[in-house]
Amino acid sequence: MPLVRGEEIAVWGDPYKANGHFGTDEKSTLAIAGDFKDIPVIDISGIFSPDLKDRKAVADQVRDACVRVGFFYAQGHGVPQEMIDKTFDWAERFFEQPFEKKMELFINNQDNYRGYTPMFGSGKPDIDGLANANEAFDWGLDAKLNDDPEYACSDPYMKGSNVWPKQLPGFEEHLSQYYGKVRDLGRVMARNVALSLGLPEDSFDPYLTHPGCSAVVAHYPPMETTSTKLGLDPHTDNEFLTFLAPGKVRALEVLNRDGQWISAPPIEGTYVVNVGDQLQRLTNNLYISTKHRVINHTGEERISVPFFFSANWECIIDPLKQLLETDVEIGSNHVSAGQMYKHTMMALHIPGDSNPLFQKYLKVA
Ligand SMILES: O=C(O)CCC(=O)C(=O)O
Ligand SMILES: [Fe+2]
């Protein structure tokens, strides 16, 4: 059954517990999970090599990062810097628009959660009723961005198209190109992840024929250092892997097992890559989907561009049998990638429905 608005849903920031397996409360049983004080930097250029030895050399580092940290910086990713820079330029141009213009694309009016999230309009509200200190624009898989001729974009949870600002010609074209490029990278990286797990490199290919990826350009204004307001609440990402272009301003922090928030400042020319809940679950908690948050105390405006690389929406995200040592009971409440995504987005965007600041922009169905 498709989820309906208003249905009892998870609270953003809490892991989605529909089958009791997602999120950070159920950590890997490995003693080293969360044992880090800094985030490893990996030159991933070997993933593109025809030589297995090169691919394996990357995979060994990827495995260590994924079991211990859940995050790594990826150098040598192959996405042209110029393309990334242009994405940031478009983001700035989008956010410069008047509020009313941006609200024409209000994300809470789209059943598939595409479009504009206003400042303080997502996350868990503080006592002042305001939530995350960021504004964002979301886009992702739809019929136009689908590259699988066999797929009809018919997921029951995630139907619909992207919404684009018509007054910014070139925006859709560039963001669509960027989407295709990072999706390609995701597919190659997923092969390396399979190798890192000791599996045939094409093990995830059937999960990724029409991956339900989404991407975001986000604006995090600086907060007073005396303010406790977060840019983004602590959370884990929902998908398989996240490829974050972090921009130039330090604000991302990652939680280690000692409860310390470890800063993940931008490193030029790298993506911050992290394990999402899907990959944690597929690996039966061997790879960890680590909690992180955004807090901008730098005094500078910040743009960041996360790309959420997801399995096909209809895929049921259960542990891979090849990774289970014995016939482990994996529960009976199996959820699909599309269902997880819709659930997460509904929970994240509750303030857009409930805060009087935004309610007048809601279109009554
Ligand atoms: O902007 C960042 O540094 C991270 C954003 C993030 O964690 C997210 O959008 O899920
Ligand atoms: Fe995140």
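Helices here are DSSP runs of H or I with at least four residues, strands are E runs of at least two, and both are numbered from the N terminus. The model is predicted. Ligand 1 sits in the largest cavity.

**Ligand 1: the shell**

**Ligand 1: polar contacts and cover**

- His235 has a side-chain N or O atom 3.0 Å from an oxygen atom of ligand 1.
- Asp237 places a polar side-chain atom 3.1 Å from an oxygen atom of ligand 1.
- His292 also reaches an oxygen atom of ligand 1, with a polar side-chain atom at 3.0 Å.
- On its own, ligand 1 has 300 Å² of accessible area, and the protein covers 91% of that.

**The loop between α5 and β11**

- Asn284 belongs to the loop between α5 (277–282) and β11.
- Most residues other than glycine have a negative phi.
- Asn284 has a positive phi, near 55°.
- Asn285 also has a positive phi, near 70°.
- Is Asn284 buried or partly exposed? Asn284 counts as partly exposed because its relative accessibility is 29%, between the 20% and 50% limits.
- Asn285 has a relative accessible area of 12%, so this residue is buried.

**The loop between β6 and β7**

- Asn238 lies in the loop between β6 and β7 (241–245).
- Its relative accessible area is 5%, so Asn238 is buried.

**The loop between β11 and β12**

- Ile295 is found between β11 and β12, in the loop that joins these strands.
- Ile295 counts as buried because its relative accessibility is 16%, under the 20% cut-off.
- Thr228 is 67 residues away from Ile295 along the chain, yet 8.8 Å separates their C-alpha atoms.

**The loop between β4 and α4**

- Val163 is in the loop that runs between β4 (135–140) and α4 (171–196).
- Val163 has 17% relative accessibility, so it counts as buried.
- Val163 and Leu105 are 58 residues apart in sequence, but 6.7 Å apart from C-alpha to C-alpha.

Notes. Residues are numbered from 1 along each chain as its sequence is written. Chains are lettered from A and ligands numbered from 1 in the order in which they are written. This is a predicted model: local features need pLDDT of at least 70, side-chain atom pairs count only at pLDDT 80 or more; totals for chains, interfaces and linings use all residues. Side-chain values use heavy atoms; hydrogens and water are left out. A polar contact is a pair of N or O atoms within 3.5 Å; within protein, one must be able to donate a hydrogen and the other to accept it, and residues adjacent in sequence count only if both atoms are side-chain atoms. Accessible areas come from the Shrake-Rupley method with a 1.4 Å probe; for residues, only the protein chains shown count as cover. On a 1 Å grid over the protein atoms alone, a cavity is a set of points where a 1.4 Å probe fits but cannot get out, and a pocket is an open set with protein on both sides within 12 Å along at least five of seven lines; lining residues have an atom within 4 Å of a point. A molecule sits in a cavity or pocket if more than half of its atoms lie within 2 Å of its grid points. Buried means under 20% relative accessible area, exposed over 50%, partly exposed in between (1.4 Å probe, protein chains only).
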